[in-house]
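Okay, thanks for coming, everyone. Let me put the model up, and then I'll talk you through the sheet and the ligand site.

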Amino acid sequence: MNFLEERIVKDGIVKEGNVLKVDSFLNHQMDIKLLNQMGAEFKKRFADKNINKILTIEASGIGIACIVAEHFDVPVVFAKKSQSINLDGEMYVAEVESFTHKCKNNVIVSQKFLSEDDHVLIIDDFLANGCALQGLIQIVQSSGATVEGIGIAIEKGFQSGGRIIRNLGFQLESLAIVDGMDASTGQIFFREQDAE
Ligand code: G4P
Ligand code: NA
Ligand code: NA
């Protein structure tokens, strides 16, 4: 197990409905030393890419993205979510559907902060169905910028997001891939990945 998998086993809580609570170190309280290790690991996995910007989405992606950005020495842009907006022509907008929350959101980034010169690493805390992530990809592509890679802390490998995004040809690196969970025993099953 790698450092994140070990921490998930130690402090993660399996809830009914295939939900993994990581509130004590990632989603609510944040362990900055752990985030820093994640930043170093992403820097290693994307070492051959010329990344000049990190893109994430509010709210819970922002903390991780900021620490990752320190390792790449680049700025962070976070996409905003909003149910309705006045389109004034200065925003990139993607419509995103949330399976969990059963609603549609617009994901928005100002045109000032993404352009065809940008080489973007997308960062997020969770990947489940990947709707939010596909919205971010769509925004990068509509700006003419390049998606150099995608870094995720925890991927739920039994939901479809990871497979869809890898099939599109993106380099998607998830530090922990959970292939199954058992709420009655609290067991968590990780996908085997190359050792670090
Ligand atoms: P998706 O298509 O973007 O993968 O989203 P999905 O509707 O599956 O998930 C909705 C939200 O729930 C996302 O956060 C996602 O990160 C989070 N999520 C999904 N599965 C789990 C889980 O097992 N544990 C935890 N802790 N979170 C999970 P969000 O509502 O978009 O954003 P945020 O405001 O929390 O960042
Ligand atoms: Na979340
Ligand atoms: Na998130």
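Let's start with one pair: in S9, Glu155 has Ile177 as its bridge partner. Before I go on, this is a predicted model, so to speak: local features need pLDDT of at least 70, side-chain atom pairs count only at pLDDT 80 or more, and totals for chains, interfaces and linings use all residues. Residues are numbered from 1 along each chain as its sequence is written, while chains are lettered from A and ligands numbered from 1 in the order in which they are written.

Back to that pair. Strand S8, residues 146-156, and strand S9, residues 172-182, run parallel, with six bridges between them. When I say two strands pair, I mean DSSP finds at least two bridges between them. Helices (H or I, at least four residues) and strands (E, at least two) are DSSP runs, numbered from the N terminus. Across S8 and S9 lies helix H3, residues 32-45, at about 120° to S9. Those angles run from 0 to 180 degrees between N-to-C directions, with axes fitted to C-alpha atoms, for helices over the stretch in contact.

Now zoom out. The open sheet has eight strands, ordered S5-S6-S4-S3-S7-S8-S9-S10, with mixed pairing. Strands S5 (91-98) and S10 (187-190) are at the edges with a single partner strand each, so each has one side without a neighbour in the sheet. On average, neighbouring strands here are turned by 25° against each other, ignoring direction.

On to the ligand. Which residues come nearest to ligand 1? Out of 21 around it, they're Ser60, Phe126, Ala128, Asn129 and Cys131; "around" means a C-beta atom, placed from the backbone, within 6 Å. Strand S2 (19-21), strand S7 (119-127) and helix H5 (131-143) each give two or more residues to that shell.

The UniProt annotation "binding site", from an unreviewed entry, covers Ala128, Asn129, Gly130, Cys131 and Ala132. Such annotations may be inferred rather than shown by experiment; positions use the numbering used here, and feature names are shortened.

Take two of those. Asn129 sits in the loop between S7 and H5, and Ala132 is in helix H5. Buried or partly exposed? Ala132 counts as buried because it has 24 C-beta neighbours inside 10 Å, whereas Asn129 has 17, so it's partly exposed. The cut-offs are 20 or more other C-beta atoms within 10 Å for buried, 12 or fewer for exposed, and partly exposed in between, with C-betas placed from the backbone.

Definitions and conventions
Contact = placed C-beta atoms within 7 Å.
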